[in-house]
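Colleague: I would like to learn how to read a helix and a sheet from a model. Could you take me through an example?

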Amino acid sequence: MELNDKVKEVLTNKNRINILSTANKNGETDVAVFGSALLTEKNTVSFVLKETSRSLANIKENPYASCLVLLPAAGAKGFQVKGHRFYLK
């Protein structure tokens, strides 16, 4: 699938916060904050996960996952963010 310009912009923002949600084959969920969602030269999204990661184990059992990317507002008072979600398989 071709990534649109908005997705590319979000994934190259250095201030982003990535949240990955996965579930195993039994539907037991996991949510993890991580920093390794990267846009590759081939315009695909790459995730770097440790071999001992629960998220990786879940993805191996169930390839459906979602990633929420939060972009904190620069100079905002309080907690203001914009969010973008990506569905994975």
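Modeller: Begin at the start of helix 2, where a side-chain oxygen of S53 comes to within 3.1 Å of the backbone nitrogen of S55. Note that this is a predicted model.

Colleague: Where does S53 lie, and is S53 buried or exposed?

Modeller: S53 sits in the loop between strand 4 (45-46) and helix 2 (54-61). Buried means under 20% relative accessible area; S53 has 16%, so it counts as buried.

Colleague: Which residues of helix 2 are buried, and why are they on the same side?

Modeller: The general idea comes first. An α-helix has 3.6 residues a turn, so residues three or four places apart point the same way. In helix 2, the buried residues are S55, L56 and N58. They span an arc of only 160° around the axis, and therefore lie on the same side of helix 2. The exposed residues R54 and K60 are on the face turned away from that buried side.

Colleague: What covers the buried residues of helix 2?

Modeller: The cover includes strand 1 and strand 2. Helix 2 lies across these two strands, at about 45° to strand 1.

Colleague: How should I read the sheet?

Modeller: Strands of a sheet pair through backbone hydrogen bonds, either parallel or antiparallel. Here four strands form an open sheet in the order 2-1-5-6, with antiparallel pairing. Strand 2 (29-34) and strand 6 (81-88) are the edges, each pairing on one side only. From one strand to the next, the twist averages 20°.

Colleague: How many bridges join strand 1 and strand 5?

Modeller: Five bridges join strand 1 (residues 17-23) and strand 5 (residues 65-72), in the antiparallel sense. L20 stands opposite C67 in strand 5.

Technical notes
Residues numbered from 1 in each chain as written. Predicted model: local features only at pLDDT ≥ 70, side-chain atom pairs only at ≥ 80, totals over all residues. Heavy atoms only, no water. Buried < 20%, exposed > 50% of the residue type's maximum accessible area, 1.4 Å probe, protein only. Pairing = 2+ DSSP bridges. Axes fitted to C-alpha atoms, helices over the stretch in contact; angles between N-to-C directions. Contact = heavy atoms within 4.5 Å. Arc of directions from axis to C-beta. Polar contact = N/O pair within 3.5 Å; in protein donor to acceptor, adjacent residues only side chain to side chain.
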